[in-house]
Amino acid sequence: TVTPKDDVNMAITLYTLAQCLMNKGSWIEAERLLRECLAIRDKLSPVNEVSRAMTLHELGRCLFNEGDLVQAEHLLRQSLSVKRRVCTNDKATIATSKCHCLCVVWL
């Protein structure tokens, strides 16, 4: 039987592997893993909204690098919304998300 803890571990593994792929520039492969990770995190929501926001953020970065600016902006704004609500004392996290949103809008 798959437990919520197994799901959390799978999401963490998918997220970490996706970050490795992003560092190599393998955006399409990373996107696939991040979407799978997001599906797991959505199922577990609201267990860890910060993790979900981080996944949305990284997925937005993937789509930005793939050239899908409309979808990238949508995901980055979703991430920023969660971070504003949950990370009220973490100004650096919120600032980074704002910066990425502005980059997409500016282009």
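Axes here are lines fitted to C-alpha atoms, for helices over the stretch in contact, and the angles between their N-to-C directions run from 0 to 180 degrees. The model is predicted, so that local features need pLDDT of at least 70 and side-chain atom pairs count only at pLDDT 80 or more, while totals for chains, interfaces and linings use all residues. Residues are numbered from 1 along each chain as its sequence is written, and side-chain values use heavy atoms, with hydrogens and water left out.

**View 1. The chain as a whole has five helices and zero strands.** Helices (H or I, at least four residues) and strands (E, at least two) are DSSP runs, numbered from the N terminus, and from that end the elements follow the order α-α-α-α-α. Of the 107 residues, 38% count as buried, where buried means under 20% relative accessible area, exposed over 50% and partly exposed in between, with a 1.4 Å probe and protein chains only.

**View 2. Helix H1 (residues 4–24) packs with its axis within 8 Å of that of helix H2 (residues 27–44).** The two axes cross at roughly 160°, which makes H1 roughly antiparallel to H2 (angles over 145 degrees count as roughly antiparallel, under 35 as roughly parallel, 65 to 115 as roughly perpendicular and the rest as oblique).

**View 3. The largest nonpolar core holds 20 residues.** Such a core is a set of buried Ala, Val, Leu, Ile, Met, Phe, Trp, Tyr and Cys residues joined through side-chain atoms within 4.5 Å. Met22, Ala30, Leu34, Leu59 and Cys62 touch the most other members. Two or more residues each come from H1, H2, helix H3 (49–66) and helix H4 (69–86), and H2 gives the most, with eight residues. Leaving aside neighbours within four places in sequence, methionine 22 is in contact with Trp27, Ala30, Leu34, Glu58, Arg61 and Cys62.

**View 4. Aspartate 42 lies in helix H2.** Aspartate 42 counts as partly exposed because its relative accessibility is 35%. The C-alpha atoms of aspartate 42 and arginine 52, which are ten residues apart along the chain, are separated by 7.2 Å.

Methods
Contact = heavy atoms within 4.5 Å.
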